[in-house]
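Reader: Could you walk me through this structure, please? I would like to begin with its loops.

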Amino acid sequence: MAPVQSVQVFGKKKTATAVAHAKQGRGLIKVNGQPLENIEPEALRLKVFEPVLIIGQDKFSNLDIRIRVKGGGITSQIYAIRSAIAKSIVAYHAKYVDEHSKNELRNTLVDYDRNLLVSDPRRCEPKKYGGKSARARFQKSYR
């Protein structure tokens, strides 16, 4: 039996991490065992579908993508998932299809939104002494 063609990539946003496992299949995309259509909140569901809609359903028709996501909040997890989906299709094409199609996909995704492939470096700034938050200082009294 031939080994299964698969790639494993991750998408991150703040502290949320989504690990995508893409392999040959019949077009299933599942997040923590649930289909992509069941993602809540409904307002952010379209964000998760962006990579599929930009690239086109035909490119995903022979791929199964299973995603495990944990950490962070709801919005961060959704951004991590969309990043993982985009990275997985590019990685799969790089490894098993050809370089030209990979570059085509990559350019299409980067033209739409660079954060689909490149992670966002912004993090929460740590609190310091002398104030209640990272930047705010306690009020100073002169009398």
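**Loops and helices**

Author: Asn32 sits in the loop between β3 and β4; strands (E, at least two residues) and helices (H or I, at least four) are DSSP runs, numbered from the N terminus. The model is predicted, so local features need pLDDT of at least 70 and side-chain atom pairs 80 or more, while totals for chains, interfaces and linings use all residues. Residues are numbered from 1 along each chain as its sequence is written, and side-chain values use heavy atoms, leaving out hydrogens and water.

Reader: What is the phi of Asn32?

Author: Asn32 is not a glycine, yet its phi is positive, about 50°. Most residues other than glycine have a negative phi.

Reader: Is Asn32 exposed, partly exposed or buried?

Author: Asn32 counts as partly exposed because its relative accessibility is 46%; buried means under 20% relative accessible area, exposed over 50%, and partly exposed in between (1.4 Å probe, protein chains only).

Reader: Which peptide bond is cis?

Author: The bond from Glu40 to Pro41 is cis, with omega near -5°. Pro41 belongs to the loop between β4 (34-35) and α1.

Reader: Turning to helices, how do α3 and α4 pack?

Author: Their axes are 8 Å apart, at an angle of about 160°; axes are lines fitted to C-alpha atoms, for helices over the stretch in contact (heavy atoms within 4.5 Å), and angles run from 0 to 180 degrees between N-to-C directions.
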